[in-house]
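The following exercises ask the student to read a protein model step by step. Each task is followed by a worked solution.

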Amino acid sequence: MEATVSDERPVREGPATFREVFAQVEYRAVFAASTLSWVGDYIAKAAVTVLVYRETDSVALSAAAFAVSYLPWLVGGPLLATLAERHRYRSVMVTCDLVRMALMLLVAIPGNPPWLILGLLFAATLANPPSQAARSALMPLILTGDRLVVGLSVNASVGQAAQVVGYLIGATIAVVSPTLALLINAATFGASALLVRFGLRNRPSAMSPAHRSHLIRETGQGFQIVFGRPVLRAIAVLVFSAMLFSIVPEGLAAAWAAERTGNGVDTGVAQAVIMAANPVGFILGGLLVGRALSPERRLALMRPLAVLAPLALVPALLDPPPLVVAALAAICGFAVAGLLPMANGLFVRALPDGYRARAFGVMASGMQVIQGLAVLVTGLLAERFPIPLVVGAWSVAGVGLMLLATLTWPSRESVQAAVDQATRDNAARSAAGDPRPRTPADERPGDRGRPSHAVS
């Protein structure tokens, strides 16, 4: 999740245009670099998933291969993301790209045993949290106002398009040469490093050495901000709930396709269609909702779309054929795409500036861990129960969870108060020359209505 979101009040002006977003030179550099990295990552992920399932014939192990890239977020995502606050964003992004390029070249060495390949992939993914945190913190500095929300919609939609392309290419290449897929991934990281190095300004770090404390303490402050402030916590719950079920069709696609194909339908094609359906729906939803609708209308649709997302997958209980499964997954992706950019934009408006990278680390880690666990748990359940039953029942639970999240959503007044408080904190911190916003622990009774800055 990019660390950004928009005002809860109705906004009368129309949405920003794609031309306004792409007019920013730095945004174009970030956009191109991210797209290259995404395509390479999904090529490698699809190739490894197919390879493991063919060699082991195990749904659980295939799901584990898909989920391995999520594990680094569990073991150190927020801590690693905090590093982005301590160093220049451009330097963090370039360094992470070069590290991942080197590790992917090692993975591509012929003759590596599967356990070593998975271990190196895990190590390469450890560079994702600081890189993505730095990019997320940069976005509000490059784009402002509704351009930020539209830019996030473009990023999310193109990220999903890269996922479709990566899955299709990866599944195809895996049949011929998994090594080639890994080399392509390494090349995309090298190109991304060049684009970032020469396309972004070298801004100073968000946290100066004089204001650093403990890496663990700084990471803990990121959790305090996200879960200690009611509005940010409500957004986190909504986003995490969406991630819990929308990833499941992709994670189980290999086994689902193998069990349900027949009558001349190729298993590989069925898998690719199921895996690509959610991203395709996400692309359409992100572009249509993000560009065609006004900020006010997007906001009004946010909660209905949150409920629609899991509801779209409930018909899986009827054991439909792969093409129908793909259609259901596409509807789910469309709904999630209409929800996330708006929630993302609102998040940043209510978030003190100096915690953007750390808050992103908390959110992204939660999203990655939840997706990984969802795939692993449903994969294990699918070893004992039919996949359609698992996906359908999981989605029914998702509907209940989303209803609870939307019914407990804070009022417009509460959201606006949180945005105003963040604005006052940012102004006070800027005037005092202190790069750190205060945390909930710094707030004392009676001081919420006046500006202040953190004292650690």
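**Exercise 1: A charged pair**

Asp97 is buried, with a relative accessible area of 3%; buried means under 20% relative accessible area, exposed over 50%, and partly exposed in between (1.4 Å probe, protein chains only). The model is predicted: local features need pLDDT of at least 70, side-chain atom pairs count only at pLDDT 80 or more, and totals for chains, interfaces and linings use all residues. Residues are numbered from 1 along each chain as its sequence is written, and side-chain values use heavy atoms, with hydrogens and water left out.

Task: Determine which side chain meets that of Asp97 in a salt bridge.

Solution. 
1. A salt bridge is a side-chain nitrogen of Lys or Arg within 4 Å of a carboxyl oxygen of Asp or Glu.
2. Arg100 and Asp97 both belong to helix α5 (residues 89–107) and lie three residues apart, about one turn of the helix. Helices are DSSP runs (H or I, at least four residues), strands likewise (E, at least two), numbered from the N terminus.
3. Arg100 is also buried, at 5% relative accessible area.
4. A search of the whole structure finds one salt bridge.

**Exercise 2: The span of a helix**

Task: Check whether the span of α9 agrees with its number of residues.

Solution. 
1. Helix α9 covers residues 178–199, which is 22 residues.
2. The expected span is 1.5 Å times one less than the number of residues.
3. For α9 this gives 32 Å, and its end C-alpha atoms are 32 Å apart, so the two agree.
4. The buried residues of α9 include Leu182, Phe189 and Val196.

**Exercise 3: Nonpolar residues inside and outside**

Task: Locate the largest nonpolar core and a nonpolar patch on the surface.

Solution. 
1. A nonpolar core is a set of buried Ala, Val, Leu, Ile, Met, Phe, Trp, Tyr and Cys residues joined through side-chain atoms within 4.5 Å.
2. The largest has 49 residues, and Ile235, Leu238, Met302, Phe347 and Met402 have the most contacts inside it.
3. Elements giving two or more residues to this core include α11 (230–246) and α16 (322–349).
4. The surface patch includes Leu373, Val377 and Phe385; its nonpolar side chains (Val, Leu, Ile, Met, Phe, Trp, Tyr) have over 30% relative accessible area and no salt bridge, and are joined within 5 Å.
5. Phe385 lies in the loop between α17 and α18 and, at 42% relative accessibility, counts as partly exposed.

Notes:
Patches are made of residues with over 30% relative accessible area and no salt bridge: like charges are joined within 9 Å, nonpolar side chains (Val, Leu, Ile, Met, Phe, Trp, Tyr) within 5 Å. Accessible areas come from the Shrake-Rupley method with a 1.4 Å probe; for residues, only the protein chains shown count as cover.
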